[in-house]
Amino acid sequence: MTATDSSPSSSVRPVHIAVVMDGNGRWAKKRGFSRLEGHRRGVENVRAMVENCVRHEVPYLTLFAFSSENWRRPKKEVAWLMRLLDGALDREVKTLHSNGVRLRFIGDLASLAAGIQKKIHQSCELTRENSTLNLTIALNYGGQWDLVQAFRRVLMAVQQGEICLDNLSAELIAENLSTAQIPNPDLFIRTGGEKRMSNFLLWQLAYTELYFTDTYWPDFDTKEFEMALESFATRERRFGGAEHDAIEMEVEDVHA
Ligand code: IPE
Ligand code: IPE
Ligand code: MG
(Lines give C-alpha, C1' and ligand atoms only; values in the text may rest on other atoms or scores of the structure.)
(Ligands and ions follow the chains in the order given, each with its own letter.)
Protein backbone atom coordinates (compact mmCIF):
# COMPACT_ATOMS: atom_id res chain seq x y z
CA MET A 1 0.00 0.00 0.00
CA THR A 2 1.15 3.56 -0.61
CA ALA A 3 0.58 6.77 1.27
CA THR A 4 -1.98 8.24 -1.11
CA ASP A 5 -4.50 5.44 -0.48
CA SER A 6 -7.46 7.04 1.23
CA SER A 7 -7.46 4.81 4.30
CA PRO A 8 -5.85 6.90 7.08
CA SER A 9 -3.58 4.16 8.42
CA SER A 10 -2.13 3.08 5.06
CA SER A 11 1.12 5.04 5.45
CA VAL A 12 3.61 2.29 4.67
CA ARG A 13 5.68 3.79 1.89
CA PRO A 14 5.84 7.49 1.06
CA VAL A 15 4.86 8.58 -2.44
CA HIS A 16 6.57 11.93 -2.05
CA ILE A 17 9.62 12.76 0.06
CA ALA A 18 10.67 16.39 0.55
CA VAL A 19 14.14 17.10 1.92
CA VAL A 20 15.85 20.10 3.52
CA MET A 21 19.44 19.15 2.76
CA ASP A 22 21.08 20.99 5.66
CA GLY A 23 24.45 20.77 7.37
CA ASN A 24 26.96 21.02 4.50
CA GLY A 25 28.85 23.84 6.24
CA ARG A 26 29.06 22.07 9.60
CA TRP A 27 30.03 18.80 7.90
CA ALA A 28 32.99 20.62 6.33
CA LYS A 29 33.96 22.53 9.49
CA LYS A 30 34.11 19.29 11.49
CA ARG A 31 36.69 17.97 9.03
CA GLY A 32 38.69 21.17 8.67
CA PHE A 33 37.44 21.74 5.10
CA SER A 34 35.98 24.94 3.66
CA ARG A 35 32.19 25.40 3.51
CA LEU A 36 32.54 25.28 -0.27
CA GLU A 37 33.90 21.74 -0.08
CA GLY A 38 30.91 20.87 2.11
CA HIS A 39 28.56 22.09 -0.61
CA ARG A 40 30.45 20.10 -3.24
CA ARG A 41 29.99 16.94 -1.16
CA GLY A 42 26.36 17.87 -0.60
CA VAL A 43 25.67 18.08 -4.32
CA GLU A 44 27.45 14.75 -4.80
CA ASN A 45 25.13 13.15 -2.28
CA VAL A 46 22.06 14.02 -4.34
CA ARG A 47 22.93 11.17 -6.70
CA ALA A 48 22.75 8.64 -3.84
CA MET A 49 19.41 10.06 -2.70
CA VAL A 50 17.98 9.77 -6.23
CA GLU A 51 19.20 6.17 -6.49
CA ASN A 52 17.68 5.31 -3.12
CA CYS A 53 14.29 6.71 -4.16
CA VAL A 54 14.36 4.75 -7.42
CA ARG A 55 15.36 1.53 -5.60
CA HIS A 56 12.62 1.95 -3.00
CA GLU A 57 10.04 2.94 -5.61
CA VAL A 58 9.41 6.39 -4.21
CA PRO A 59 8.05 8.25 -7.26
CA TYR A 60 8.39 11.88 -6.05
CA LEU A 61 11.41 13.57 -4.50
CA THR A 62 11.68 17.30 -3.82
CA LEU A 63 15.01 18.77 -2.72
CA PHE A 64 15.52 22.21 -1.16
CA ALA A 65 18.67 23.40 -2.95
CA PHE A 66 18.64 27.17 -2.37
CA SER A 67 16.14 29.24 -0.41
CA SER A 68 14.86 32.75 -1.10
CA GLU A 69 16.80 33.74 2.02
CA ASN A 70 20.10 32.10 1.06
CA TRP A 71 21.04 35.27 -0.89
CA ARG A 72 21.95 36.63 2.55
CA ARG A 73 25.09 34.47 2.51
CA PRO A 74 28.50 35.81 1.44
CA LYS A 75 28.67 36.53 -2.30
CA LYS A 76 31.43 33.95 -2.78
CA GLU A 77 29.33 31.17 -1.25
CA VAL A 78 26.27 32.07 -3.34
CA ALA A 79 28.38 32.15 -6.52
CA TRP A 80 29.87 28.75 -5.63
CA LEU A 81 26.44 27.23 -5.05
CA MET A 82 25.26 28.49 -8.45
CA ARG A 83 28.44 27.13 -10.08
CA LEU A 84 27.89 23.73 -8.48
CA LEU A 85 24.33 23.66 -9.77
CA ASP A 86 25.45 24.68 -13.24
CA GLY A 87 28.08 21.92 -13.26
CA ALA A 88 25.64 19.32 -11.93
CA LEU A 89 23.20 20.16 -14.73
CA ASP A 90 25.99 19.69 -17.29
CA ARG A 91 27.15 16.40 -15.79
CA GLU A 92 24.05 14.64 -14.47
CA VAL A 93 21.08 15.37 -16.72
CA LYS A 94 21.92 12.75 -19.36
CA THR A 95 22.20 9.99 -16.74
CA LEU A 96 19.05 11.16 -14.99
CA HIS A 97 17.23 11.07 -18.31
CA SER A 98 18.43 7.57 -19.15
CA ASN A 99 17.29 6.43 -15.70
CA GLY A 100 13.76 7.70 -16.32
CA VAL A 101 13.95 10.73 -14.03
CA ARG A 102 11.72 13.71 -14.79
CA LEU A 103 13.22 17.00 -13.64
CA ARG A 104 11.23 19.98 -12.43
CA PHE A 105 12.34 23.23 -10.80
CA ILE A 106 10.25 25.35 -8.46
CA GLY A 107 11.09 28.82 -7.18
CA ASP A 108 11.67 32.33 -8.48
CA LEU A 109 13.79 31.25 -11.43
CA ALA A 110 13.43 34.51 -13.37
CA SER A 111 16.02 36.22 -11.16
CA LEU A 112 18.70 33.60 -11.81
CA ALA A 113 21.48 33.99 -14.39
CA ALA A 114 20.28 33.53 -17.99
CA GLY A 115 22.67 30.61 -18.58
CA ILE A 116 21.27 28.59 -15.67
CA GLN A 117 17.69 29.42 -16.66
CA LYS A 118 18.38 28.05 -20.13
CA LYS A 119 19.88 24.80 -18.79
CA ILE A 120 16.96 24.39 -16.40
CA HIS A 121 14.49 24.82 -19.24
CA GLN A 122 16.36 22.37 -21.48
CA SER A 123 16.65 19.70 -18.79
CA CYS A 124 12.93 19.93 -17.94
CA GLU A 125 12.01 19.67 -21.63
CA LEU A 126 14.35 16.74 -22.24
CA THR A 127 12.97 14.71 -19.33
CA ARG A 128 9.28 15.67 -19.46
CA GLU A 129 8.05 12.25 -20.63
CA ASN A 130 9.87 10.34 -17.86
CA SER A 131 8.01 8.92 -14.87
CA THR A 132 10.25 6.55 -12.86
CA LEU A 133 11.11 9.39 -10.46
CA ASN A 134 9.76 12.92 -10.41
CA LEU A 135 12.67 14.98 -9.10
CA THR A 136 11.84 18.57 -8.17
CA ILE A 137 14.59 21.00 -7.25
CA ALA A 138 13.49 23.96 -5.13
CA LEU A 139 15.79 26.78 -6.22
CA ASN A 140 15.47 30.36 -5.06
CA TYR A 141 12.35 28.93 -3.44
CA GLY A 142 10.41 30.11 -0.41
CA GLY A 143 7.06 28.86 0.84
CA GLN A 144 5.95 32.47 1.32
CA TRP A 145 7.06 33.36 -2.21
CA ASP A 146 5.01 30.42 -3.51
CA LEU A 147 1.88 31.57 -1.66
CA VAL A 148 2.31 35.16 -2.83
CA GLN A 149 2.67 34.13 -6.49
CA ALA A 150 -0.37 31.83 -6.15
CA PHE A 151 -2.49 34.61 -4.60
CA ARG A 152 -1.33 36.99 -7.32
CA ARG A 153 -2.50 34.58 -10.02
CA VAL A 154 -5.83 33.95 -8.31
CA LEU A 155 -6.47 37.66 -7.68
CA MET A 156 -5.64 38.44 -11.29
CA ALA A 157 -8.23 35.88 -12.43
CA VAL A 158 -10.76 37.47 -10.05
CA GLN A 159 -9.93 40.93 -11.40
CA GLN A 160 -10.45 39.72 -14.96
CA GLY A 161 -13.78 38.18 -14.01
CA GLU A 162 -12.61 34.62 -14.71
CA ILE A 163 -13.44 33.48 -11.19
CA CYS A 164 -15.74 34.81 -8.53
CA LEU A 165 -14.38 35.53 -5.05
CA ASP A 166 -17.01 33.19 -3.56
CA ASN A 167 -15.27 30.32 -5.36
CA LEU A 168 -11.97 30.90 -3.58
CA SER A 169 -10.99 27.57 -2.02
CA ALA A 170 -8.03 25.60 -0.74
CA GLU A 171 -8.10 23.60 -3.99
CA LEU A 172 -7.88 26.78 -6.06
CA ILE A 173 -4.87 28.00 -4.08
CA ALA A 174 -3.18 24.57 -4.40
CA GLU A 175 -3.76 24.57 -8.16
CA ASN A 176 -1.88 27.86 -8.41
CA LEU A 177 1.11 26.88 -6.29
CA SER A 178 4.32 25.95 -8.08
CA THR A 179 3.70 22.35 -6.96
CA ALA A 180 0.30 22.04 -8.69
CA GLN A 181 1.49 19.01 -10.69
CA ILE A 182 2.83 17.06 -7.71
CA PRO A 183 1.12 15.47 -4.70
CA ASN A 184 1.75 16.91 -1.25
CA PRO A 185 4.76 15.36 0.50
CA ASP A 186 4.11 12.34 2.73
CA LEU A 187 7.51 12.50 4.41
CA PHE A 188 9.59 15.59 5.23
CA ILE A 189 13.24 14.97 6.08
CA ARG A 190 15.55 17.61 7.51
CA THR A 191 19.18 16.72 8.06
CA GLY A 192 21.66 18.75 10.12
CA GLY A 193 19.88 18.87 13.46
CA GLU A 194 17.71 22.01 13.13
CA LYS A 195 14.04 21.52 13.78
CA ARG A 196 12.44 24.10 11.55
CA MET A 197 10.93 24.46 8.08
CA SER A 198 13.07 27.46 7.01
CA ASN A 199 10.35 28.62 4.62
CA PHE A 200 10.15 25.36 2.64
CA LEU A 201 6.80 24.04 1.36
CA LEU A 202 4.63 25.79 3.96
CA TRP A 203 1.21 25.04 2.50
CA GLN A 204 2.04 21.61 1.10
CA LEU A 205 3.41 20.22 4.40
CA ALA A 206 0.08 20.58 6.26
CA TYR A 207 -0.25 16.82 6.90
CA THR A 208 3.26 15.64 6.12
CA GLU A 209 5.08 13.36 8.56
CA LEU A 210 8.17 15.14 9.90
CA TYR A 211 11.55 13.44 10.34
CA PHE A 212 14.58 15.22 11.77
CA THR A 213 18.08 13.80 12.01
CA ASP A 214 21.32 15.26 13.39
CA THR A 215 23.23 13.67 10.50
CA TYR A 216 24.70 16.28 8.17
CA TRP A 217 23.48 16.12 4.58
CA PRO A 218 26.74 14.81 3.00
CA ASP A 219 26.56 11.85 5.44
CA PHE A 220 22.90 11.05 4.76
CA ASP A 221 23.53 7.67 3.12
CA THR A 222 21.45 4.61 2.25
CA LYS A 223 21.32 3.45 5.88
CA GLU A 224 20.06 6.86 7.01
CA PHE A 225 17.52 6.89 4.18
CA GLU A 226 16.20 3.50 5.18
CA MET A 227 15.96 4.62 8.83
CA ALA A 228 13.75 7.51 7.72
CA LEU A 229 11.57 5.11 5.72
CA GLU A 230 11.28 2.80 8.73
CA SER A 231 10.23 5.70 10.93
CA PHE A 232 7.63 6.72 8.35
CA ALA A 233 6.23 3.17 8.24
CA THR A 234 5.45 3.34 11.97
CA ARG A 235 3.44 6.57 11.71
CA GLU A 236 -0.31 6.47 11.93
CA ARG A 237 -1.74 9.13 9.68
CA ARG A 238 -5.20 10.36 10.53
CA PHE A 239 -5.54 13.61 8.52
CA GLY A 240 -7.74 15.01 11.27
CA GLY A 241 -9.97 11.94 11.36
CA ALA A 242 -9.99 9.10 13.88
CA GLU A 243 -8.68 5.57 13.72
CA HIS A 244 -11.39 3.33 12.19
CA ASP A 245 -11.34 0.56 14.83
CA ALA A 246 -11.62 3.12 17.61
CA ILE A 247 -14.75 4.62 16.05
CA GLU A 248 -16.35 1.19 15.60
CA MET A 249 -15.60 0.26 19.23
CA GLU A 250 -17.20 3.46 20.49
CA VAL A 251 -20.28 2.85 18.36
CA GLU A 252 -20.54 -0.66 19.88
CA ASP A 253 -20.24 0.89 23.38
CA VAL A 254 -23.15 3.23 22.63
CA HIS A 255 -25.33 0.28 21.60
CA ALA A 256 -24.30 -1.93 24.53
C1 IPE B 1 22.72 23.47 3.37
O2 IPE B 1 23.87 23.49 4.12
C3 IPE B 1 22.96 23.94 1.96
C4 IPE B 1 22.32 25.20 1.61
C5 IPE B 1 21.62 25.95 2.39
C6 IPE B 1 22.51 25.64 0.23
P7 IPE B 1 24.31 24.76 4.95
O8 IPE B 1 25.22 25.59 4.12
O9 IPE B 1 23.14 25.49 5.47
O10 IPE B 1 25.13 24.10 6.13
P11 IPE B 1 25.14 24.55 7.64
O12 IPE B 1 23.74 24.59 8.13
O13 IPE B 1 25.79 25.91 7.68
O14 IPE B 1 25.96 23.51 8.33
C1 IPE C 1 17.51 25.63 4.53
O2 IPE C 1 18.72 25.64 5.19
C3 IPE C 1 17.69 25.87 3.06
C4 IPE C 1 18.32 24.79 2.30
C5 IPE C 1 18.73 23.64 2.75
C6 IPE C 1 18.47 25.06 0.90
P7 IPE C 1 19.34 26.95 5.87
O8 IPE C 1 20.65 26.55 6.42
O9 IPE C 1 19.33 28.08 4.91
O10 IPE C 1 18.28 27.25 7.02
P11 IPE C 1 18.44 28.09 8.35
O12 IPE C 1 19.10 29.40 7.99
O13 IPE C 1 19.28 27.29 9.29
O14 IPE C 1 17.05 28.25 8.88
MG1 MG D 1 22.09 25.43 7.20
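In this predicted model, R196 places a polar side-chain atom 2.8 Å from an oxygen atom of ligand 2.

| Residue (polar side-chain atom) | Distance to an oxygen atom of ligand 2 |
|---|---|
| R196 | 2.8 Å |

Ligand 2 exposes 390 Å² when taken alone, and the protein buries 78% of that (Shrake-Rupley method, 1.4 Å probe). Its surroundings consist of V20, M21, D22, F64, A65, F66, N70, R73, R190, R196 and S198, each with a heavy atom within 4 Å. By class, this shell has 5 nonpolar, 2 polar and 4 charged residues. Strand β2 (residues 60-67) gives the most to the shell, with 3 residues; strands are DSSP runs (E) of at least two residues and helices (H or I) of at least four.

A nonpolar patch on the surface is formed by F151, L155, L165 and L168, with about 400 Å² of accessible area together. Patch residues have over 30% relative accessible area and no salt bridge, with nonpolar side chains joined within 5 Å; a salt bridge is a side-chain nitrogen of Lys or Arg within 4 Å of a carboxyl oxygen of Asp or Glu. L165 lies in the loop between α5 (143-159) and α6 (170-176). L165 counts as exposed because its relative accessibility is 54%, the cut-off for exposed being over 50%.

Residues are numbered from 1 along each chain as its sequence is written, and chains are lettered from A and ligands numbered from 1 in the order in which they are written. Local features need pLDDT of at least 70, side-chain atom pairs count only at pLDDT 80 or more, and totals for chains, interfaces and linings use all residues, while side-chain values use heavy atoms, with hydrogens and water left out.

Technical notes
Patches are made of residues with over 30% relative accessible area and no salt bridge: like charges are joined within 9 Å, nonpolar side chains (Val, Leu, Ile, Met, Phe, Trp, Tyr) within 5 Å. Buried means under 20% relative accessible area, exposed over 50%, partly exposed in between (1.4 Å probe, protein chains only). A polar contact is a pair of N or O atoms within 3.5 Å; within protein, one must be able to donate a hydrogen and the other to accept it, and residues adjacent in sequence count only if both atoms are side-chain atoms. Ala, Val, Leu, Ile, Met, Phe, Trp, Tyr, Cys and Pro count as nonpolar, Asp, Glu, Lys and Arg as charged, and the others, Gly among them, as polar.
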